[in-house]
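Here is a short briefing to read alongside the sequence and the model. Take a look at both, then follow the notes below.

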Amino acid sequence: MHPVMKPALRRGWRDRDTVQFGMTPAHAQTLGPMDAATRGFLDLLNGTRGLSLLREEGRRMDLPAGRIDTLLERLTRAGLVDDARGGGPAADALRTQDEVLSRLRPDLTSLSLTTAEPGGALARLAARRALSVRVDGAGRVGAVLASALSGAGVGEVDVRDTGRVEPWDVAPGGLPAESIGERRDAAARAAVRRAAPHRPRRHAHSPGSGARDPGLCLVIVTPRDDVAVYAPDPVAAEPLMASGTPHLYAGVVEGTGIVGPLVLPGESSCAGCLHFDRGDRDPAWPRLIAQWRSARARRVGACDLTLATAVAGLAAAHALAFLDGEPPVGAGTRWEVSLPGLDWRARPVRAHPACGCGAAEQAVEKAEEKAKGEHSSTNGKPRATMAVQRPSTERRSESGAARPTGTWRAHV
């Protein structure tokens, strides 16, 4: 291990004995009390020295025996230290690709904030290059979203759609004006390639239903049809449900942006659950949805460019968090934002017992497990020396232990 203080967090001294790493409440931490020798030792954690050399430097600075290891242990447990040479073979391979790593440096720095284990950020970034995602829909939302995922390091991003690019499909970061008249899926794939010119070469998938594409980790459904955005068709999702493929919905309808739910087949609520739940709350729902789906589609929907871009960004962020192995916070939730208020709201999508997806049974089991877990205590005693604390009452989720990587990827 070659320890280095994570560069994502700015350092500031609250007083001569207490240092604060980070500015925002979500990630800031304080460390103290700290003597002059320890303050100087922090400057040595720049990734150029291994543990043995750091111990020698500590002895020269008259630090007590064992103080170096104790300090590094607490910094590491707090998620403040990275390993300049960690991450495994895939990370080592990525380090040799200077152009790729330079382009992805901001993404790597961001990952270091949410990855506690040393070397874990680069390992996750390298792992993205082996992942495969499909985006169904290449309008203002889908094309931008696909380009964002590709630019963030996802190795293979395929886009499926029909028809040809229309003037209203054009969006910065998505389909360019020069692509008007081209096949919509081909133009979107070209945008994906431009977003990541040095991405790994992959074999193209043949068009079709494609629910069982080899190695597919996630499908993101971004319909251009506003009815399909507001009321996802459970029938259209059947191939994804049958193959156990995780999928995420996103789009814009009538000036309202929608992201979610993230569907984990058999575990979280799906399009069918959403349909049944709406029918329970609104007796007229089946009649309305039948009319909307059978009506002739309008040529141009209300899809504000800035709102579509915001939806694409949030959906891409949810997708990346899931692909990186974070807990699927978007499962069972729909995020909605409407013009002109722009206030994001979380709408729960409950697993419905009438739906055959099996998520309702899983929800009961999870509720029982949660009830048992609430009895466990997480209170800890403050340390007398070198305590690591949050300067705010807002705290991150515990991330000291390695998170499960791709629980659902193992099933597809």
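**The chain as a whole**

Among contacts in the protein chain between residues at least 6 apart in sequence, 69% join residues at least 24 apart, where contact means heavy atoms within 4.5 Å. Keep in mind that this is a predicted model, in which local features need pLDDT of at least 70, side-chain atom pairs count only at pLDDT 80 or more, and totals for chains, interfaces and linings use all residues. Residues are numbered from 1 along each chain as its sequence is written, and side-chain values use heavy atoms, with hydrogens and water left out.

- The protein chain has 15 helices and 13 strands; these are DSSP runs numbered from the N terminus, with helices (H or I) of at least four residues and strands (E) of at least two.
- Of the 412 residues of the protein chain, 46% are buried (under 20% relative accessible area, with exposed over 50% and partly exposed in between, using a 1.4 Å probe and protein chains only).

**Helices H8 and H9**

- The axes of H8 (residues 140-151) and H9 (residues 184-195) come within 8 Å and cross at roughly 30 degrees; axes are lines fitted to C-alpha atoms over the stretch in contact, and angles run from 0 to 180 degrees between N-to-C directions.
- H8 contributes Ala146, Ser147, Ser150 and Gly151 to the contact, and H9 contributes Ala191, Val192 and Ala195.
- By class, the contact of H8 with H9 has 4 nonpolar, 3 polar and no charged residues; Ala, Val, Leu, Ile, Met, Phe, Trp, Tyr, Cys and Pro count as nonpolar, Asp, Glu, Lys and Arg as charged, and the others, Gly among them, as polar.

**Around strand S7**

- In the loop between H8 and S7 you will find Gly155, which is buried with a relative accessible area of 0%.
- Gly155 and Ser132 are 23 residues apart in sequence, and their C-alpha atoms are 6.4 Å apart in space.
- Arg160 lies in strand S7 (residues 156-160) and is buried, at a relative accessible area of 10%.

**His2, before strand S1**

- His2 sits in the segment before strand S1 (3-5) and is buried, with a relative accessible area of 16%.
- Leaving aside neighbours within four places in sequence, the contacts of His2 include Gly47, Arg49, Asp82 and Arg85.
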